[in-house]
Amino acid sequence: FTTSIEDLKRVLSEVELRGGNDWCEDVAGGLRGALGLSWKLDAKYLFLICDAPAHGVKYHGRPGLDDHPEGDPMGSDPAKQMAELM
């Protein structure tokens with residue numbers, strides 16, 4: 001957590017991009033990480049940056065491009081996770 005734009009820029013510039021073997025993103029995993037943080041304020045601002053939809057054909061309709069067409073292998077539902085963050 002930070003209030004410094006410069007700190008945010010520095011952290012984002014150090015992010016290493018790497019891909020899995022499929023088209024989809026681990027959106028549920030990212031949200032799971034956010035839910036595990038110690039949010040100190042009632043107001044929560046989360047930037048989730050992806051270049052593809054979440055695992056699960058209900059989010060994209062393209063099962064051949066998804067290693068987890070049934071959704072998150074840990075059973076998390078990104079829509080429910082978002083509701084938890086609110």
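Visitor: In what order do the elements of the protein chain run from the N terminus on?

Guide: The order is α-α-α. The chain has three helices and zero strands. Before we go on: this is a predicted model, where local features need pLDDT of at least 70 and side-chain atom pairs count only at pLDDT 80 or more, while totals for chains, interfaces and linings use all residues. Residues are numbered from 1 along each chain as its sequence is written, and side-chain values use heavy atoms, with hydrogens and water left out.

Visitor: What makes something count as a helix or a strand?

Guide: Both are DSSP runs, numbered from the N terminus: a helix is H or I for at least four residues, and a strand is E for at least two. By that naming, α1 covers 5–13, and α2 (27–35) and α3 (78–85) have a loop between them.

Visitor: How do you know whether D72 is buried or exposed?

Guide: You compare its relative accessible area with the limits: buried is under 20%, exposed is over 50%, and partly exposed is in between (1.4 Å probe, protein chains only). D72 has 12%, so it is buried. Across the 86 residues of the protein chain, buried ones make up 21%.

Visitor: What makes a nonpolar surface patch here, and which residues are in it?

Guide: Patch residues need over 30% relative accessible area and no salt bridge; like charges are joined within 9 Å, and nonpolar side chains (Val, Leu, Ile, Met, Phe, Trp, Tyr) within 5 Å. The areas come from the Shrake-Rupley method with a 1.4 Å probe, and for residues only the protein chains shown count as cover. I5, L8, L12, V15, L17, Y45, F47 and I49 make a nonpolar patch of about 1000 Å². Take F47, in the loop between α2 and α3: its relative accessible area is 71%, so it is exposed.

Visitor: Why is one space called a pocket and another a cavity?

Guide: On a 1 Å grid over the protein atoms alone, a cavity is a set of points where a 1.4 Å probe fits but cannot get out, whereas a pocket is an open set with protein on both sides within 12 Å along at least five of seven lines; lining residues have an atom within 4 Å of a point. Grid points are joined across faces, edges and corners, and a volume is the space filled by probe spheres set on the points. The largest pocket has about 1600 Å³. Of the 41 residues lining it, the closest to its centre are L12, L46, F47, L48 and I49. The largest share of that lining, six residues, comes from α1.

Visitor: And what lines the largest cavity?

Guide: The lining is E25, D26, V27, A28, A54, H55, D72 and P78, around about 30 Å³ of space. P78 lies in helix α3, and at 10% relative accessibility it counts as buried. P78 and A28 are 50 residues apart in sequence and 5.1 Å apart in space, C-alpha to C-alpha.

Key:
A salt bridge is a side-chain nitrogen of Lys or Arg within 4 Å of a carboxyl oxygen of Asp or Glu.
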